[in-house]
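Here are my notes on the model, as numbered points. Please read them with the structure open beside you.

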Amino acid sequence: MINQTMNPTMNLSTPPTTLFGLDQLLSDVSLQSELKGRRVALLAHPPSVTPELTHALDALAQIPAIQLSAAFGPQHGLRGDKQDNMME
């Protein structure tokens with residue numbers, strides 16, 4: 001339990017907003033600028049999406065400052081569209 005006396009300005013009636021790392025990167029230009037000119041790799045799986053359900057790979061590809069050089073995912077595909085080794 002959070003003790004409000006530790007932070008008297010904390011409003012306990014409003015739940016805190018939680019942003020995942022992807023959402024923080026997409027919304028914070030200063031974080032994006034730290035990656036400018038660097039090669040960036042993405043490690044993701046099919047549910048790696050934004051709140052708008054845009055896959056992380058597509059969302060990061062839309063940011064000009066980020067140069068995606070590699071994407072890693074599970075054997076069934078980054079978006080879950082590959083069915084490797086499946087026999088029916």
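1. Start with Ile63, which counts as buried because its relative accessibility is 9%. Buried means under 20% relative accessible area, exposed means over 50%, and partly exposed lies in between, with a 1.4 Å probe and protein chains only. Ile63 sits in the loop between α3 and β2. Leaving aside neighbours within four places in sequence, Ile63 is in contact with Leu26 and Gln32, where contact means heavy atoms within 4.5 Å. From C-alpha to C-alpha, Ile63 and Leu26 are 7.9 Å apart in space, although 37 residues apart in sequence.

2. Some ground rules for reading this. The model is predicted: local features need pLDDT of at least 70, side-chain atom pairs count only at pLDDT 80 or more, and totals for chains, interfaces and linings use all residues. Residues are numbered from 1 along each chain as its sequence is written, and side-chain values use heavy atoms, with hydrogens and water left out.

3. Next, the overall layout. The chain has three helices and two strands, and along the sequence they follow the pattern α-α-β-α-β. Helices (H or I, at least four residues) and strands (E, at least two) are DSSP runs, numbered from the N terminus. Of the 88 residues, 20% count as buried. The chain exposes about 7,100 Å², and carbon and sulfur atoms supply 56% of that area; accessible areas come from the Shrake-Rupley method with a 1.4 Å probe, and for residues only the protein chains shown count as cover. Among contacts between residues at least 6 apart in sequence, 56% join residues at least 24 apart.

4. How do the two strands run, and how many bridges join them? β1 and β2 (residues 67-72) run parallel, and five bridges join them. Two strands pair if DSSP finds at least two bridges between them. Leu42 stands opposite Ala71 in β2. With α3, the strands β1 and β2 make a right-handed β-α-β unit. A crossover is right-handed if, with the strands pointing away from the viewer, the path from the first strand over the helix to the second runs clockwise.

5. Val40 and Leu42 form the covered face, while Arg39, Ala41 and Leu43 form the uncovered one.

6. Which residues make up the largest nonpolar core? There are eleven: Leu22, Leu25, Val40, Leu42, Ala44, Ala56, Leu57, Leu60, Ile63, Ile66 and Leu78. Two or more residues each come from α1 (21-27), β1 (39-43) and α3 (56-61), and α3 gives the largest share, three residues. A nonpolar core is a set of buried Ala, Val, Leu, Ile, Met, Phe, Trp, Tyr and Cys residues joined through side-chain atoms within 4.5 Å. Among the contacts of Leu78 beyond four places in sequence are Ala44, Leu57, Ala71 and Phe72.

7. The loop between β1 and α3 deserves a careful look. Thr50 lies in this loop and counts as buried because its relative accessibility is 5%. Leaving aside neighbours within four places in sequence, Thr50 is in contact with Leu22, Asp23, Leu26 and Ala59. Thr50 and Asp23 are 27 residues apart in sequence, yet 6.5 Å apart from C-alpha to C-alpha. Ser48 is also in this loop, and at 16% relative accessibility Ser48 counts as buried. Beyond four places in sequence, Ser48 is in contact with Thr54, His55 and Ala56.

8. Last, the charged pair. A search of the whole structure finds one salt bridge, a term for a side-chain nitrogen of Lys or Arg within 4 Å of a carboxyl oxygen of Asp or Glu. Asp58 and Arg79 form it, with their closest N and O atoms 2.5 Å apart. The pair links distant parts of the chain, with Asp58 in helix α3 and Arg79 in the segment after β2, 21 residues apart. Asp58 counts as partly exposed at 32% relative accessibility, and Arg79 is partly exposed with a relative accessible area of 41%.
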